[in-house]
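Welcome, and please open your viewer. We will go from stop to stop, with something to select at each one.

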Amino acid sequence: MDPSDVDQQLTGLAGLGDPIRRALYRHVADRGEPVSREEAAQAAGISRPLAAYHLDKLVDDGLLEPRYHRRGGRRGPGAGRPTKHYVRADRQIELSLPARDYATLAELLAQAVEADPSGTAQAALGRAAAGLGAELGTEAAARTTPDGHTDQVLAAVRQTLASRGYEPYDDANGIIRLRNCPFDRIAAQHRQLVCGANHAMLQALTDQVDSDPPTVRAVLDQQPERCCVTLTRAS
């Protein structure tokens, strides 16, 4: 890694050492949609000017990006000036000292699996993903009681997914969506392969933790800027 890249990433991470800045960053990331200065200030329990200062510092550090919106979506004369909002930056920060490059190895392995005309390698990947999912399901099941209520099962699944970086949240229909794809860099070039393995892993997770009849099931549902899998309540 180039030394200037290391310095830039260290600067970005150092900004999160400030508790106010860290709270603002987490709020914006958790919202998953543009956040105004007023909303961020209220969430952090600080004044709007102080929130604006720290939010703009997070922009300078490459952790947030600004967006400009007019209130109520109004346009044209009389709509007023657009207000500044913030979203999490697309930039990904991964810092390892000394340098490590696991993503390149993952890229090579993905290419090798896709190059296997027999499909044996892809089937083996699916089995390995399901095995890991079962381990994660056992971890989630440990947080529930044998006769655990549906809400308890769902809470255990959310907690396990959060610990693996998926950033789960419930949409308006009660579907558990995953704001972050932990394999995004590889999925960008090998979407079918990665999404298939991810689905196998999360389905095995829910099968392991779930009751009979099942409470939740993993479904492939590819959407922009989201993980390719959602978790829906079983009907």
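Start by selecting Glu167, which sits in the loop between α7 and β4 (168–170). Helices (H or I, at least four residues) and strands (E, at least two) are DSSP runs, numbered from the N terminus. Glu167 is not a glycine, yet its phi is positive, at about 55 degrees. Is Glu167 buried or exposed, or partly exposed? Buried means under 20% relative accessible area, exposed over 50%, and partly exposed in between (1.4 Å probe, protein chains only). With 24% relative accessibility, Glu167 counts as partly exposed.

A word about what is on your screen: this is a predicted model, in which local features need pLDDT of at least 70 and side-chain atom pairs count only at pLDDT 80 or more, while totals for chains, interfaces and linings use all residues. Residues are numbered from 1 along each chain as its sequence is written, and side-chain values use heavy atoms, with hydrogens and water left out.

**Zoom out**

Show the whole chain as a cartoon. Its secondary structure comes to 9 helices and 7 strands. The chain has 235 residues, of which 34% count as buried. Contact means heavy atoms within 4.5 Å. Among contacts in the chain with a separation of 6 or more, 57% are between residues 24 or more positions apart.

**Helices α6 and α7**

Next, select residues 120–141, helix α6, together with residues 150–163, helix α7. Two packed helices are described by the angle between their axes and the distance between the axes. Axes here are lines fitted to C-alpha atoms, for helices over the stretch in contact, and angles run from 0 to 180 degrees between N-to-C directions. The axes of α6 and α7 come within 9 Å and cross at roughly 125 degrees. Angles under 35 degrees count as roughly parallel, over 145 as roughly antiparallel, 65 to 115 as roughly perpendicular and the rest as oblique. That is why α6 and α7 are described as oblique to each other.

Now show side chains. Which residues make the contact of α6 and α7? From α6 they are Leu136, Glu139 and Ala140, and from α7 they are Ala156, Thr160 and Ser163. Sorted by class, this contact of α6 with α7 has 3 nonpolar, 2 polar and 1 charged residues. In this sorting, Ala, Val, Leu, Ile, Met, Phe, Trp, Tyr, Cys and Pro count as nonpolar, Asp, Glu, Lys and Arg as charged, and the others, Gly among them, as polar.

Stay here and pick His149, in the loop between α6 and α7. His149 counts as exposed, at 54% relative accessibility.

**Helix α4 and its partners**

On the α3 side, select Arg37, Glu38, Ala40 and Ala41; they meet Arg48, Ala51, Ala52, Leu55 and Asp56 in α4. The contact of α3 with α4 divides into 5 nonpolar, no polar and 4 charged residues.

Keep α4 and switch to residues 19–31, helix α2. Here the packing angle is about 75 degrees and the axes are 10 Å apart, so α2 and α4 are also roughly perpendicular to each other. The contact uses Ile20, Arg21, Leu24, Tyr25 and Val28 of α2, and several residues of α4, including Leu50, His54 and Leu58. By class, the contact of α2 with α4 has 9 nonpolar, 1 polar and 2 charged residues.

**Strand β2**

Select Glu65 in strand β2 (residues 64–69). Glu65 is partly exposed, with a relative accessible area of 23%. Leaving aside neighbours within four places in sequence, Glu65 is in contact with Val59, His85, Tyr86, Val87, Ala89 and Asp90. The C-alpha atoms of Glu65 and Val87 are separated by 5.4 Å.

**Last stop: the cysteines**

A disulfide is a pair of cysteine sulfur atoms within 2.5 Å. How many disulfides does this rule give? The count is 0. The sulfur of Cys181 is 5.2 Å from the closest cysteine sulfur, in Cys227, which is too far for a bond. Cys181 counts as buried at 15% relative accessibility, and Cys195 is buried with a relative accessible area of 4%.
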